[in-house]
Amino acid sequence: MLNLLNKFVVPDVDHVDIYQDDEDPLQFWMVPQPVRLMNGPDGEPTLTILAFARDLSLLAGIDKPLPAGQTEGGILSMTVESTVDNADQDKIAAYLRGQVLSGAMDLARPVAVGGQVVTEYRQATGGDPKLAYPTWVDGDAQFCLPSALGPTFIVGDDAKTKPSLSGSNVASFTIALGQEGIRLFREGVKSGKLAAHVAYSLKFVARVPAITVTVSGDANNVYEELKEHAPIVETENGVPVRTYPQVSSLKELKNIAGSLDVQYTKFDFAGGDDKLREQLEAFVLDITQSYVKNIFAQPVINGQLNKEKLGTDPMQNFKPPDAPPTGGNQLWLKEFKQTDIREFGMTFHGSLARPFSANPNAALVAMVTKPQLEKAFTTADLNTPIFHTLQVPVRVTADFEKDPIAGIQVTLDYRQTDDRTGDVKAFSQTYDFVKGDETYYFRTTLAKDAQGAPKDTYSYSSRLHYKAAQQSTDIGPQTTREKSLIIGYDRLGCVDVKVVAGTVPWTAVQSIQVDLKLPGVNLPSAAQTLVLTETATEGSWFSYTGGQNSQEYEYSCEFLLKNGSRLVTGPERTSTAKLLIDAPFEDRMAATFVPQGLFPPLQSIVLSTKYVDEGADYHTEGTHVFANNTDSWRWEVDLPDTKKRDFQYKADITYADGTTAPGQWQVGQEGTVLVGEVKSSLMEVSVTAAALDMSKWKLVVVKLRYEDPVTHDVQDETFQLTAANAAQNPSWKVTLKDPAAQSYTYEVEGYGTDGTRKSVPATSTSDELLVIEL
């Protein structure tokens, strides 16, 4: 049987541990360390990485965005084995012949004698070495990406499986990769680097050498020590808060129970294998714990003890809710004193076969070359089906409540011959619409042409049932390839028109009369008149077409303007379901009128305006009264003809004394227009007191006067200068009909701070800078 003692490796094959058999000197056992990909019949690794793109047409409707889910994924399929290839086995066999069986290598061999295993050095042995794998008794195999990456890398629990546990321990994986997982593999294939590996956790049966284990101690002392360190979970409100430590190694047990003496046979393992030493110590721990539990952890059988004092099963919170609690353990008796004044002891001696662990792990890129990775990578487009299907949503847009429609029947028919097989694909379906909000789906398998392309042409027909008519109207078959069939009024032998006022200047337009009719149709509903106003800007018209296929209708408009005139347009023809009516104006003109003159003597300026387009039979007028010279007036006119922009205006002036000056009609242009007493020039006089010492004068009054030499109109102004405002240099503006007549007079009165008073009489000047002196 495979024995743990005197393990060795063969040069150039250091990834395989070789164990000897303690009965057959020719038998050797191989425990390979890294796993490897199994090769298929073609000699290539059994590895396939399939990347696929999902069918985007199935992820969302045509009126919705794609969901936030994944749009691509992958499938990883591979078979691995924990085996040694033939080339390495040949090297191992050659080494065993030349070094081990020949006796040339000074190698100790475990030998089973009389139920025990002893060690003796090998002598020359005849025969050929036999190689085999150990007896596997348990194990797991797992494909690993970093665990924190989440389900977008590996989907589900398919990354873990059980190896065959026979022969070379074959394990097969079929793993679903998420969107990020397949992208990681795609980039890894390009670079030959990938953070993925396969982890094996195997157990094989081996015989341990002849070992002696002695367990002894003082019963009372050992009990007290174990009672304080029993593996108990204490909870608070159902939540674990304290856990007494469990013993997980022989060293821990010795530290917790210092009064417990454990002695066992020490071995000098070949190569100083620490893992074998740990496994043997675990074997000793099992023997010791089994013995100690049998003495100190038996269920209490003394019926005089209060069971409530024993507490409950410390692990009850971690078991199913309906699991019955187990019996109390005497190590839980914190409130009781127990003594047992005696020594105890036990000795075990012998050789046992038990499972030992092996972990033959390997990175994925170590098991396959970059060219092999690239060859294993395949892409698939799930948007390319083998069988093509036609799915057409069918809807109608009729208004069953407003319009006189009782019901609509729509029939879809598919009939095509498959050019490759000769089979006829045929399917027909009729749908009834009685409310207008129904949606039906026409589905059928499609035939294909000689090149394999689907034939997606079908036909549809309709039958319209009216509320006010005894006879229905049939609409003949129409051929189409539409993937969404919407049956509107244009396909149902009727018209339904919504008339809407568009760009209409309601300040000038009072109402619009719209006349609609179906030419050549002699039905009461075939003609209708709608009136649109500023408060009623929409109207509708419904009519049967009398069986004719054309949806074209005729309309004309008459615009009634607020000034009493009318504008007529049309007739015109169209087939639109929404008729937008705009006013027949091509442009808009604007003029801003600015009053001129002094108020008083002016009392008012009455402005009259008019615009006439005789070709369009269109005119508009305006009137405005100016009572001062600070306000302007903007006059806007809608133009039927953008090229005709002239208008006429006149200004009638009334003076404060009651006299009037009638104006004359004259032609104006858009922009700024001056009306009233339009002056030809403007004189500005600046007044300065810079020559005065204002510390001596508390007030200086300056009076300015201008009289037109022809009209004798007077313009005057008075300024009061003090030390506070003397530096501001006030100005006086005078409008001149005659630019050459600039002479004006000024007077000055000065009031001194000492009570003196000084004046300058009326003085004539034409200076635009008036310097005041006293």
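**Note on the predicted model: sheet pairing, backbone exceptions and salt bridges**

1. In strand E51, Leu 770 is the bridge partner of Val 687. The model under review is predicted, and this pair belongs to the contact between strand E45 (residues 681-688) and E51, which run parallel and are joined by three bridges. The sheet that holds them is open and consists of three strands in the order E48-E45-E51, with mixed pairing. Strand E48 (731-736) and strand E51 (769-771) stand at its edges with a single partner strand each, so one side of each has no neighbour in the sheet. On average, and with direction ignored, neighbouring strands of this sheet are turned by 25 degrees against each other.

2. For the protein as a whole, the model has seven helices and 51 strands. Of the 774 residues, 39% are buried, and the protein exposes about 41700 Å², of which carbon and sulfur atoms supply 49%. Among contacts with a separation of 6 or more, 68% are between residues 24 or more positions apart.

3. Which residues does Gly 436 contact, leaving aside its neighbours within four places in sequence? They are Val 396, Ala 398 and Phe 400. Gly 436 is placed in the loop between strand E25 (424-433) and strand E26 (440-445), and it counts as buried because its relative accessibility is 19%, under the 20% limit. The C-alpha atoms of Gly 436 and Val 396 are separated by 6.1 Å, although the two residues are 40 apart along the chain.

4. Some backbone geometries deserve a check, since most residues other than glycine have a negative phi and most peptide bonds are trans. The peptide bond from Gly 570 to Pro 571 is cis, with omega near 5 degrees, and Pro 571 is placed in strand E35 (residues 566-574). A cis bond also leads from Phe 599 to Pro 600, with omega near -15 degrees; Pro 600 lies in the loop between strand E37 (587-596) and strand E38 (602-613).

5. Asn 729 has a phi near 50 degrees and lies in the loop between E47 and E48; with a relative accessible area of 35%, Asn 729 is partly exposed.

6. A search of the whole structure finds 28 salt bridges. One of them joins Asp 456 to Lys 483, with the closest N and O atoms 2.9 Å apart. This pair links distant parts of the chain, 27 residues apart, with Asp 456 in the loop between E26 and strand E27 (458-466) and Lys 483 in the loop between strand E28 (473-480) and strand E29 (485-487). Asp 456 counts as buried at 11% relative accessibility, whereas Lys 483, at 44%, counts as partly exposed.

7. Arg 573 forms a salt bridge with Glu 552, the closest N and O atoms being 3.6 Å apart. Here Arg 573 is in strand E35 and Glu 552 in the loop between strand E33 (538-544) and strand E34 (553-561), 21 residues apart. Glu 552 is partly exposed, its relative accessible area being 34%. Both residues belong to a network of salt bridges that also links Lys 517 and Glu 554.

8. For the salt bridge between Arg 645 and Glu 670, the closest N and O atoms are 2.5 Å apart. Glu 670 counts as partly exposed at 36% relative accessibility.

Terms used:
Residues numbered from 1 in each chain as written. Predicted model: local features only at pLDDT ≥ 70, side-chain atom pairs only at ≥ 80, totals over all residues. Heavy atoms only, no water. Pairing = 2+ DSSP bridges. Helix = DSSP H or I, 4+ residues; strand = E, 2+ residues; numbered from the N terminus. Axes fitted to C-alpha atoms, helices over the stretch in contact; angles between N-to-C directions. Buried < 20%, exposed > 50% of the residue type's maximum accessible area, 1.4 Å probe, protein only. Contact = heavy atoms within 4.5 Å. Areas by Shrake-Rupley, 256 points an atom, 1.4 Å probe, with all protein chains shown as cover. Salt bridge = Lys/Arg side-chain N within 4 Å of Asp/Glu carboxyl O.
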